[in-house]
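Please have the viewer open and follow along.

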Amino acid sequence: MTRLEYLKSPEMTPIRKNINSCAIIGYVIAALSIVLNLFVYNNPYGLIDCALIVICSLLIHLLQSRVAAIILTAYAALNVIVVTIQTGRLGGWWIALVGVYAIIYTFKFQSSWKKVKENGPVDINLPQ
């Protein structure tokens with residue numbers, strides 16, 4: 001069984017759906033950020049922000065990358081701090097939330113995949 005076949009297996013459905021949801025929300029946030037940065041704030045440097053979010057979201061989506069999830073969360077935390085200091089309001093927290101969920105579910109998938117490689121298929125006992 002390959003990693004991709006295992007990800008598509010019935011027991012991985014909840015984890016796969018959560019990982020995909022995190023990536024899709026990351027794409028939506030990046031798209032909104034592009035629109036806001038270019039057309040509302042007239043800030044072309046905001047495209048760097050969008051590129052980082054899209055790259056991390058792609059890696060989370062396609063490779064279930066724990067590293068990308070951690071980088072996304074760390075960047076989002078820094079972004080929340082900077083936005084809060086600059087504006088005096090809490091901002092940018094959606095991407096931080098997405099990053100935290102991505103960390104949780106990519107780690108669950110990777111640990112389950114490691115167990116499958118070592119021992120064969122296992123039941124991960126996800127709460128309903």
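Predicted model: local features only at pLDDT ≥ 70, side-chain atom pairs only at ≥ 80, totals over all residues.

Val67 counts as exposed because its relative accessibility is 55%; the cut-offs are under 20% relative accessible area for buried and over 50% for exposed, with partly exposed in between, using a 1.4 Å probe and protein chains only. Val67 is found in helix H4.

Residues are numbered from 1 along each chain as its sequence is written, and side-chain values use heavy atoms, with hydrogens and water left out.

Now step back to the whole chain. It has five helices and zero strands, where helices (H or I, at least four residues) and strands (E, at least two) are DSSP runs numbered from the N terminus. Along the principal axes, the C-alpha atoms fill a box of roughly 55 × 25 × 20 Å. Of the 128 residues in the chain, 33% are buried. If you take contacts (heavy atoms within 4.5 Å) between residues at least 6 apart in sequence, 61% of them join residues at least 24 apart.

What lies inside? In soluble globular proteins, nonpolar side chains tend to be buried together. Here the largest nonpolar core has 23 residues, and those touching the most other members are Tyr6, Ile15, Ile19, Ile60, Leu72, Ile95 and Phe109. Such a core is a set of buried Ala, Val, Leu, Ile, Met, Phe, Trp, Tyr and Cys residues joined through side-chain atoms within 4.5 Å. Helix H1 (3-7), helix H2 (13-40), helix H3 (46-63), helix H4 (66-87) and H5 each give two or more residues to this core. The most comes from H5, with eight residues.

H5 deserves a visit of its own. With 27 residues, H5 reaches 39 Å from its first C-alpha to its last, close to the 39 Å expected at 1.5 Å a residue; the expected span is 1.5 Å times one less than the number of residues. Its buried residues include Ile95, Ala102, Phe109, Gln110 and Trp113, and what covers the buried residues of H5 includes H1, H2, H3 and H4. Just after H5, Gly120 takes a positive phi of about 95°.

Stay with Gln110 for a moment. Gln110 lies in H5, which covers residues 93-119, and it counts as buried because its relative accessibility is 14%. Leaving aside residues up to four places away in sequence, Gln110 touches Arg3, Leu63, Gln64 and Arg66.

Gln64 is found in the loop between H3 and H4 and has a positive phi of about 55° although it is not a glycine. Is Gln64 buried or exposed? With a relative accessible area of 3%, Gln64 is buried. Asn42, in the loop between H2 and H3, also has a positive phi, near 55°, as a residue other than glycine. Asn42, however, counts as exposed, at 63% relative accessibility.
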